[in-house]
Amino acid sequence: MASNSNGSSANGFKLPEIKFTKLFINGRFSDAISGNTLETRDPRTGNVITSVAAGDKEDVNLAVKAAREAFDHGKWPRMSGYERGRIMTRFADLIEQNVDELAALESLDAGKLFFLTKIVDIKASADALRYFAGAADKVHGETVKIAGEFQGYTLREPIGVVGHIIPWNFPSIMFFSKVSPALAAGCTMVVKPAEQTPLTALFYAHLAKQAGIPDGVLNVVTGFGSTAGAAIASHMDVDKVSFTGSTAVGRLIMEAAARSNLKAVSLELGGKSPLIIFDDADVDMAVDIARTATFFNKGEVCMAGSRVYVQEGIYDQFVKKIAESMKNWKVGDPFDPHVHQGPQVDKKQYEKVLEYIEHGNREGATLLTGGKPCSEQGYYIEPTIFVDVKEDMLIAQDEIFGPVMSLMKFKTIEEAIEKANNTKYGLAAGIVSKDLNIANRMSRSIRAGTIWINCYLVLDTDCPFGGYKMSGFGKDNSMHALEKYFQTKTVVTPIYNSPWL
Ligand code: ADP
């Protein structure tokens, strides 16, 4: 199925050379102070791609020091928003000039489909930079009418040094959904990519320098979560942490912030989103939406709609059609343009997904499709659909983060609302119905940050993105995201009749 990590892929695709493997601090690539490295692996084979510097607390200290200096004394926070925007636009241009290499690195490191990564992930990364570049010079304070002979106004000031902690499922998109608004606001930052997928972040550091982002503004420390990540979360000189990842680690980050300097925190965490298909839906369209909702990016999507509820009138027809449709679903090398689903990101995630499938079997759910690994090497898993799933089963409650769908039946709209909300998470939900009244009622009744009606996973930099409930707080994307990187200062001054004058 796949080939070796070095050289070419199954369909003759020439794999990229790995150019950047060191920490990027204060505009220079350097080894970790400890000299430690971590191995990043090709999920198509399990083979090591390369070793990357494993930064820890001491390296984070250096990176924060550089970011602090750049914030307190450097030109980035002080230059005009227009000028920052120009540099960010140049950064976006450089990303587009390197799109093939970046997408290939992402496929190699994370098992993501090469052709989709080019037009989705890398494009969205450049788009995010341009969106926030355009916003950088449109930030205003307010004038405040104060009782008495005073006038007041507010200043919108960058929050300071930001730590961004990034997950492995969308390494590029997550990098830029956090870095772009922070750059536009005039913040300086330390980015820690996930240990499974460090390669594109280092490439982006190189491009940032080429684009003209001053030294110290954007630092990248590769390393493990419990060392480098934890050091960022507890650092006394980091003013804000923006995190995307698991709910368990989100909790640790809040704790670390509370115990250190009470830094601002925003968290985008797990999900177990419902997709609710009503009797009046076009069944073929519903099948298509359900496949995208669960299996896109091999199910490694925090917004995956993997709890699929189908109304009883079309349930049997839906089950038959989705089972039939999965026969054409191709799992294989992510460089092959005919493939729908690549390998899971690493051995740990692969084993975790297989354990959930095993659990589903033990709990009495019935496999409609898949349920097994499907390659001799690498981390490939068949797209798996369970029927006869009960609400309280682990597969219906836990975020599996893999290609596993739980199919369930419902009768009434009231029951659909109750089931949709029967989760600790609240990231997203999907509704498939031609009835506007149903769609409107469902949209208002579900406690989740994004609702898709007759579509799924449609995202844009202009759409606020983030959770309700235990899926976190603080939005990425849109002007809401920009707000996270500012703080507001009130300035008051007496006017002509004031007793102070
Ligand atoms: P997953 O469980 O899906 O791998 P994680 O939440 O563990 O997701 O990881 C998301 C990001 O959080 C990664 O960059 C990881 O290194 C980082 N991370 C993990 N543990 C910690 C921690 N204790 N403190 C800070 N960051 C962490």
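Trainee: Which helices and strands each supply at least two residues of the shell around the ligand?

Mentor: Keep in mind that this is a predicted model. Helix H7 (225-233), strand S10 (240-244) and helix H8 (247-259) each put at least two residues into that shell.

Trainee: OK, and which residues come nearest to the ligand?

Mentor: There are 18 residues around the ligand, and the nearest are Ile-166, Trp-168, Lys-192, Glu-195 and Ser-246.

Trainee: What does the shell look like by class?

Mentor: The shell has 10 nonpolar residues, 6 polar ones and 2 charged ones.

Trainee: Which polar side-chain atoms lie by an oxygen atom of the ligand?

Mentor: Ser-246 has one at 2.7 Å from a ligand oxygen, and Lys-192 has one at 2.9 Å from a ligand oxygen. For Trp-168, an N or O atom of the side chain is 2.9 Å from an oxygen of the ligand. As for cover, the protein hides 84% of the 550 Å² of accessible area that the ligand has on its own.

Trainee: Switching topic: what does the domain assignment give for the chain?

Mentor: Domain 1 takes 24-269 + 471-488, and domain 2 takes 274-453. Their centres, taken over C-alpha atoms, are 31 Å apart.

Trainee: How many residues are in contact between domain 1 and domain 2?

Mentor: On the domain 1 side 25 residues, touching 29 residues of domain 2. About 2200 Å² is buried between the two domains, with 62% of that from carbon and sulfur atoms.

Trainee: And which residues in domain 1 lose the most area to domain 2?

Mentor: Arg-44, Trp-168 and Ser-471, together giving 28% of what the domain 1 side buries.

How values were computed. Residues are numbered from 1 along each chain as its sequence is written. This is a predicted model: local features need pLDDT of at least 70, side-chain atom pairs count only at pLDDT 80 or more; totals for chains, interfaces and linings use all residues. Side-chain values use heavy atoms; hydrogens and water are left out. A residue is near a molecule or strand if one of its heavy atoms lies within 4 Å of it. A polar contact is a pair of N or O atoms within 3.5 Å; within protein, one must be able to donate a hydrogen and the other to accept it, and residues adjacent in sequence count only if both atoms are side-chain atoms. Accessible areas come from the Shrake-Rupley method with a 1.4 Å probe; for residues, only the protein chains shown count as cover. Helices (H or I, at least four residues) and strands (E, at least two) are DSSP runs, numbered from the N terminus. Ala, Val, Leu, Ile, Met, Phe, Trp, Tyr, Cys and Pro count as nonpolar, Asp, Glu, Lys and Arg as charged, and the others, Gly among them, as polar. Domain bounds come from an automatic or database domain assignment. Contact means heavy atoms within 4.5 Å. Buried area is the accessible area (1.4 Å probe) that two parts lose on being put together, summed over both.
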